[in-house]
Every structure is written in structure tokens, then in C-alpha cells.
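Dear colleague,

Please find below the structure I promised to hand over. My findings follow it, and I would ask you to read them with the structure open.

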Amino acid sequence: MAPVLALVGATGAVGTVMVDIMNSRPHWPWGEVRLIASPRSAGKKITVRGQELTVRALAPEVFDGVDIAMFDVPDAVSAEWAPIAAARGAVAVDNSGAFRMDPDVPLVVPEVNADKVDDRPRGIISNPNCTTLSMMAALGALHPTFGLRELVVASYQAASGAGQDGIDRLQAEAAAVAGKGVGDRAGDVREAIAAAGLPADSPFPAPLAFNVVPWAGSAKEDGWASEELKVRNESRKILGIPDLKVSATCVRVPVVTTHSLAVHATFAEPVTVAQAHELFEAAPTLVLRDDPANGVFPTPADVVGADPTYVGRVRQALDFPNTLDFFVCGDNLRKGAALNTYEIAEVLAARA
Ligand code: 2RA
């Protein structure tokens with residue numbers, strides 16, 4: 001029988017993208033689909049592949065008979081409800097941070113470590129953070145041949161990584177500063193934002209319009225931001241390199257959607273740009289855009305809404321042996337969140 005799929009968080013920002021992905025996938029392996037959300041959103045109607053479905057309220061019994069339950073909800077909701085779904089017989093595929101570093105929960109990017117989906121003693125599989133995810137297809141293409149040893153990255157993270165509040169704040173700040181002639185005196189961007197009546201309380205710790213903010217996530221020990229530690233810990237787990245040396249600086253930029261990363265990757269073996277190009281071109285979920293002399297490289301404005309990860313600016317580092325520098329862009333709401341979760345569910349469906 002065709003497997004039963006549930007989507008928990010169907011009415012949220014990532015859940016909405018998930019419904020869009022479900023409506024556009026060429027192959028449809030599912031039988032029944034159940035849309036689930038908080039009691040506040042229960043009763044809403046959402047069309048999935050031509051069928052109008054009524055959103056159900058989250059409750060233990062909604063998981064009865066479900067084979068795969070995708071969770072696009074906050075950490076605390078996943079922490080409580082993914083184990084309930086698993087206890088009721090579903091495999092929970094969770095897009096929150098609740099289980100990512102749990103040794104009994106695999107952290108899966110299908111094009112890198114799809115085989116890990118079978119190793120799930122808790123009945124839960126985790127989806128990585130969107131910042132880590134945005135570079136995984138590219139690193140996953142190179143690592144098996146050249147042996148990744150060290151990774152230094154700087155992220156350029158979009159406002160939508162902070163949810164709808166982040167998008168709304170960037171749009172409002174942009175409206176407050178655009179055309180005002182500000183940006184040439186320290187403090188004038190802040191003044192224009194305050195003069196427009198925007199609340200001092202923002203999802204970002206500094207103005208984002210006309211600015212970049214070297215901070216994403218929450219404060220951790222010794223000056224690190226949570227996003228930077230996620231990049232380190234999740235990269236090690238996904239690639240299966242427990243001693244991978246990683247250093248990340250995560251930066252928020254005034255982009256609505258699509259995260260970018262500048263990657264400096266050192267390998268055990270010598271690697272050329274031509275070899276990297278060949279592997280990137282062969283990878284089905286990567287698009288190579290690397291002809292800078294003709295203005296060809298990935299940018300968020302050209303990548304937003306796309307499923308693949310775009311890669312360009314591939315260079316052999318001049319002063320570091322066996323090292324490549326390159327730039328990636330990936331839609332943080334699609335591959336960075338909903339799409340990768342859905343692709344994990346598809347891997348499971350193919351095994352059912
Ligand atoms: C961010 N990576 O961009 C986070 C969202 N999970 O804020």
C-alpha cells in the first residue's frame with residue numbers, strides 16, 4: 001500500500017513551502033496525506049495535488065496509521081511531539097534543532113549520506129540547519145575523492161532564516177531607509193529606522209537594511225554564536241568526519257531569502273579547479289555558475305526559489321596546499337529546510 005504522509009506545521013512559513021514542493025514534485029509515492037498544525041490553525045483548507053485537505057489539530061491519534069511524519073515546527077514542539085509520532089509507528093523527519101546532535105538520530109542530506117536513514121533507533125531523522133545545508137551538496141561532491149580535512153567558512157545569511165518576523169523587519173527597514181540619502185554617516189541608518197516608527201525590538205541585533213550584521217543565532221560560550229557551532233558540529237556529523245577542523249563566522253545580510261557561504265576547504269589530496277568543476281557538474285543537485293570574467297557566478301537574487309545549490313568562484317587557494325575557495329548559494333527555505341526534509345521522506349518512501 002502507498003505510504004501515508006503527515007506534515008506537522010502545515011500552515012507555518014516552512015510548511016507553506018513544503019506544500020508548494022509537494023504540489024510540484026514529478027513523482028508522487030504517497031497514499032493519504034494528513035496536514036497537521038496547532039489547534040489555532042485547525043480547520044484551514046489547503047489544496048495538495050488538487051485535493052482540498054482540512055488541517056487537523058496536533059494530537060497523538062493523528063499519527064495513527066502514518067508512515068512518515070515531517071515536522072516543520074519550533075524546537076520545543078518537535079521535542080515533545082516527534083517521539084509521540086514515533087511511538088505511534090511513524091518515522092519522524094524533523095526540521096527543528098531538537099535532535100540534530102542526538103547520537104541516536106541520524107542527520108541526513110540525501111545526496112551525501114542517504115544510507116543513514118536506516119540507522120534510527122529513536123524512529124527520528126533530523127534535517128540539518130539551513131546554513132550547514134547550503135554547502136553540503138558541494139562538499140559532499142568533493143569529499144569522497146579528495147578527503148576533506150579543514151573547513152573555514154563565512155556565511156551570508158538571509159533575513160528569512162529568522163522566520164516571517166525577519167522578512168517583515170527587513171522589508172520595513174528597507175522602506176524606512178530607501179531614497180532617504182542615508183548611509184554615509186555613522187548612526188544615520190538607525191535614526192531613519194527609528195524615525196519611521198519601527199520598534200527598537202528587532203529579530204536582528206543591529207539594523208539589517210544598508211548593513212551587514214556579524215551575528216546569527218544565540219550566544220554560546222567564548223563568543224561563539226549558535227549558528228557557528230551548528231556549522232561545525234553538523235558538518236562533522238553529516239560528512240562522517242568527527243575530527244574535521246571547522247571555523248565559521250556567520251553574518252546576516254539584507255537578502256530576503258537564500259543563504260550564501262564563502263567556503264575555504266582543505267583536502268588530504270591535491271585538487272584542481274577543473275577536477276572540482278567536473279564533480280560539481282556531475283552532481284544532480286548542484287548547478288555550476290563559474291565564469292566570473294563574464295559576470296557569471298551565483299547570487300541570492302538569481303537563486304531564490306530554486307531547488308539546487310548553486311556554486312561558483314572556484315579557485316585554488318594561492319597560499320594553502322590542497323585547498324579550494326568557492327562560493328555557494330542555496331534557498332534556505334527550500335533545500336535549506338522544506339526540500340531536504342521532503343527528500344528524506346522520499347528516500348524512506350522508496351524503501352517502504
Ligand atoms: C538562520 N539558520 O538563518 C537559521 C535558521 N534556521 O537564522
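A strand is a DSSP run of E with at least two residues, and strands are numbered from the N terminus. In this predicted model, strand S11 covers residues 259-267 and holds His-259. Helix H4, residues 130-146, contains Cys-130.

These two residues deserve attention together. An unreviewed UniProt entry annotates Cys-130 and His-259 as "active site".

Leaving aside residues up to four places away in sequence, Cys-130 touches His-259, Asn-332 and Gly-336. With the same exclusion, His-259 touches residues including Cys-130, Tyr-156, Arg-252 and Val-328. A polar side-chain atom of His-259 lies 2.9 Å from the backbone nitrogen of Ala-158.

The ligand comes next. Around the ligand are Asn-129, Cys-130, Thr-131, Gln-157, Gly-161, Glu-227, Arg-252 and His-259. By class, this shell has one nonpolar, five polar and two charged residues.

Which atoms of the ligand lie 2.9 Å and 2.8 Å from side chains? An oxygen atom of the ligand is 2.9 Å from an N or O atom in the side chain of Gln-157, and a nitrogen atom of the ligand is 2.8 Å from a polar side-chain atom of Glu-227. The protein covers 80% of the 240 Å² of accessible area that the ligand has on its own.

Yours sincerely

How values were computed
Residues are numbered from 1 along each chain as its sequence is written. This is a predicted model: local features need pLDDT of at least 70, side-chain atom pairs count only at pLDDT 80 or more; totals for chains, interfaces and linings use all residues. Side-chain values use heavy atoms; hydrogens and water are left out. A residue is near a molecule or strand if one of its heavy atoms lies within 4 Å of it. A polar contact is a pair of N or O atoms within 3.5 Å; within protein, one must be able to donate a hydrogen and the other to accept it, and residues adjacent in sequence count only if both atoms are side-chain atoms. Accessible areas come from the Shrake-Rupley method with a 1.4 Å probe; for residues, only the protein chains shown count as cover. Ala, Val, Leu, Ile, Met, Phe, Trp, Tyr, Cys and Pro count as nonpolar, Asp, Glu, Lys and Arg as charged, and the others, Gly among them, as polar. UniProt positions are given in the numbering used here, feature names are shortened, and annotations may be inferred rather than shown by experiment. Helices (H or I, at least four residues) and strands (E, at least two) are DSSP runs, numbered from the N terminus. Contact means heavy atoms within 4.5 Å.
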